[in-house]
Amino acid sequence: MSAVAEQTGQWLAEFTKQDAVAPWMQELRAAGFARFAELGFPNTHNEEWRFTNVAPIARAQFAHVASIPHVTDAPVAADPALAEQYLGKVASFGEHAFLALNTAFLKDLVVIHVPRGTVIEKPIRIDYTAADGTHVAPRALIIVGADAHCTIVESYSGTGKYFTNAVTEIVAGDRSVVDHYKVQREDPSAFHVATLQAQLGRSATFSTHSIALGGAIVRNEANVVLSEGTDATVNGLYIVNGTQHVDNHTVIDHAKPHGTSHEMYKGILDDKSAAVFNGRIIVRKDAQKTDSKQTNKNLVLSDDAVIDTKPELQILADDVRCTHGATIGQLDAESLFYLQSRGIGKQQARSLLTYAFAQDVIDRIQVPDLREQLEKYLFEKFHEVARA
Amino acid sequence: MSLLEINDLHATVGEREILKGISLTVNPGEVHAIMGPNGSGKSTLAGVLAGRELYNVTGGSVTYFGQDLLELAPEDRARAGIFLAFQYPVEIPGVSNMYFLKAALNTIRKSQGLEELDAFDFLTFVRDKMTLMNMDQTLLNRPVNTGFSGGEKKRNEIFQMAVLEPKLAILDETDSGLDIDALKLVAHGVNTLRSPERSMIVVTHYQRLLDYIVPDFVHVLAGGKIVKSGGKELALQLEKEGYAGLGIAEDEEVALA
C-alpha cells in the first residue's frame, strides 16, 4: 500500500459508511473523496505546509460523525436550491486536501441567505461542539445579497481529542456589508483545520476576525477575493501555550481595481508553542489603485516558543500601494519598569502588558457581548499566567 | 531619622562607571535640586533610587527610613512611598490611564493596609487632582500616555504623583520639552504637593525650573560626584556663570570624547 493509501484507508471506511444524501451532494462528496485519495494529507515538503506537520492528524483514528451546528438568530430558512447552486463554487478544493476531505463528508450544511437589501442587525451565531474521538466536517454557506448587511459569529469548541475540519464559504453581494467572526476555543488536545473562502462583490465591505485560542494543531485559512472597490479587513489573534501549534494562512486576492485591504494578525506565544503566519497578497494585473496593508505582530513570552512569519506579495499591477511588516518581540522592559515604578507587581505588570498587546484586535470586534466575553477570558488567562 | 541617606554610592552601566561616590541626606519636607551638565549622572541617580534594572550598584549604600532601599524591587519602593516622575514617560497602548492608575493606587493602598477603591470612589478621589493638573476626563480614558503631547505626558506624571501621594518624589528633568505655560502648570502642581512630610529630589539641567519650584538645597553633579552644594542661590550663580563658572565642561560626553 502506498503512503497515501495507508493514510486514506480509514477515511474510505468512514466515507462509505455515510447515509445517502441528495444526488448533487452525493456527486460532490464522491469528487471530494476522490481528490482527497489522490492528494493524501500534505507533508512538510509541500511549501504551503512547510511549517505545519499534520502527521499526528493523519496517524490518529477518528470516527466520523455529522456535525450538529447550533444556529441562532438566522433569517428565514434558505431555499435549498441555493446550496446546490453555490456550494463548492467559491471553495473549490483544487490542491487542498482538507477542503476535499470536508467535501467528502457533506451533510447538515448551514446555509444562510440574507436577501438583497436586507439589514440584519442581530449577529447570526453558528456554534459547533465536538466530542472525543470523533471527526466532524462542519460546512457553512453564507450568501449575502446586494446591499444587504449581516454579522456572522462562528464558534468552535469541544471536549477531548477530536478532529474538526471546517469550511465556510461566503458570497457577499455588491455593496453588501458583512462582518465575520470565528472564535476557536477547541480542546487543547484537539485538531482543528478551517478554511474560510470569501468571494466579495463590487464595493462590498467585508471583515473577518479569527480568534484562535485552543487546539493542539491548528490550521486557519482565510482566503478572500475582492472585486472593484471592495474593502476587506482580515484580522486575527492567536494565543498559544504548552505545545500548541497554530498556523495562519491568508490569501487576499485583489482581482479588480480600487480595492482596499487591511490585514492585522497578532500572536502571543508562551512555553514551547509554535505559530505560523503566512500572508499572501495578490494584486492582479487589472487591479490598479489597490491599497493594501498587512501587519503581523508577535509577542513571545518564553525562550522556547517558535514563530515563522512570512509575508508574500505578488504584485502584477504597477499603480498600487502595498505595505507589510512583521515584528517579533518580548514585553518592553521600559514599560514593565514604568508599571512597577507605580507599585504594580512584576507579574501583574507582565499580564497587563500581555493583555494590552491583544487589546487592539479585541477592540475591533463590533459585537459587544463577544468582545466583553473575550476581554474577560483573556484577562483571566493572562492573570493565571502571571500568577504561575 | 533622615528620610533618605545616600552614602558613597557607585553605579555602572555595563562597564562604564557613572556614579563615582555620591553622598546625600534628605530630611522630611526638604526639596533638593540636583543640577549638572549632560552626562554628569543626574538621571542615573534618579534611576538607581527608583530601581531601574539598567544600573548596577557597585558600591555604597542607600537607606530609606533606615531600611536598605537597594534590596527592594521597584514595585516595593513605590509601595514604600517612592515616586519617579519619568523624563520620558512611557506610552502603553491598550492599557487605559484610569485602569493603570487605579491598579497602582490600589496596590499601594493594599500594602499600607488601606481598603481598595472601586471605580466610583477612585473617580471621586482623583477629581480634585485632575483639576489641579488641568487634566481632562478624556485623558483618563485614553491609553497610558499614548498620543499625549509632551506637556500632557509631564502633567500626567505629576497627576500620578498627586494620586499616589509619595513620601519621596524624584522628578527627572520634568521641565525638559515644556514651554513656559506648561512649565508653570507642572510647577504649580508640584508646589501644591509640597508638605512637611514629603521630600523631593528635583533633577534638572536648567535653572529655569527652580524659579518656579524653589529648592531648599542645590547640588551640582559633575563626573558622577557632587562637586558643590549650597542653597537656592547656587542655582542663580549657575544661571549667571554657567557650569563653566564652576570649572565644569557644559557637556561631559563631548569633553570626554
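**Strands, helices and contacts**

Author: Let's start with a pair of residues: T12(B) stands opposite E17(B) in β2(B). Strands (E, at least two residues) and helices (H or I, at least four) are DSSP runs, numbered from the N terminus.

Reader: Before we go on, where does the model come from, and how do the numbers work?

Author: This is a predicted model, where local features need pLDDT of at least 70 and side-chain atom pairs count only at pLDDT 80 or more, while totals for chains, interfaces and linings use all residues. Residues are numbered from 1 along each chain as its sequence is written, and chains are lettered from A and ligands numbered from 1 in the order in which they are written.

Reader: OK, back to β2(B). How many bridges does it share with β1(B)?

Author: Eight, and β1 (residues 4–13) and β2 (residues 16–26) of chain B pair in the antiparallel sense. Two strands count as paired if DSSP finds at least two bridges between them. β1(B) and β2(B) make a hairpin with two residues between them, and G14(B) in that turn has a positive phi of about 60 degrees.

Reader: Which sheet are they in?

Author: An open antiparallel sheet of four strands, in the order β2-β1-β4-β5 (chain B). The edge strands are β2 and β5 (67–68) of chain B; each has a single partner strand, so one side of each is left without a neighbour in the sheet. β1(B) also pairs with β4 (residues 56–64) of chain B, antiparallel, over seven bridges. There, L4(B) stands opposite Y64(B). Helix α1(B) packs on this sheet, touching β1, β2 and β4 of chain B, and its direction makes about 70 degrees with that of β2(B). Two residues are in contact if their C-beta atoms, placed from the backbone, lie within 7 Å. As for angles, axes are lines fitted to C-alpha atoms, for helices over the stretch in contact, and angles run from 0 to 180 degrees between N-to-C directions.

Reader: What's the strand order in the six-strand sheet?

Author: β6-β9-β10-β3-β11-β12 (chain B), an open sheet with mixed pairing. β6 (82–85) and β12 (225–230) of chain B are at the edges with a single partner strand each, so one side of each is left without a neighbour in the sheet. From one strand to the next, the twist averages 20 degrees. β6(B) runs parallel to β9 (residues 168–172) of chain B, joined by four bridges. One partner pair there is L84(B) with I170(B) in β9(B). Helix α1 (residues 42–50) of chain B packs on this sheet, and its direction makes about 145 degrees with that of β9(B).

Reader: Switching topic: which residues touch the most other members of the largest nonpolar core?

Author: V224(A) and I170(B), out of 184 residues. The largest share, nine residues, comes from helix α7 (residues 346–363) of chain A. A nonpolar core is a set of buried Ala, Val, Leu, Ile, Met, Phe, Trp, Tyr and Cys residues joined through C-beta atoms within 7 Å. Buried means 20 or more other C-beta atoms within 10 Å of a residue's own, exposed means 12 or fewer, and partly exposed is in between, with C-beta atoms placed from the backbone.

Reader: Is helix α6 of chain A mostly covered or mostly open?

Author: Mostly covered: six of the eight residues in α6 (residues 333–340) of chain A are buried. Among them are F337(A) and Y338(A). The buried residues of α6(A) pack against α7 of chain A, together with α2 and β7 of chain B.

Reader: How many residues of chain B are in contact with chain A?

Author: 21 residues of chain B, with 16 residues of chain A. On the chain B side, α2 (74–79), β7 (92–96), α3 (97–111) and α6 (150–164) each supply at least two residues.

Reader: Last one: where does S203(A) sit?

Author: In the loop between β10 (191–200) and β11 (205–212) of chain A. S203(A) has a positive phi of about 55 degrees although it is not a glycine. Most residues other than glycine have a negative phi. S203(A) is partly exposed, with 17 other C-beta atoms within 10 Å.
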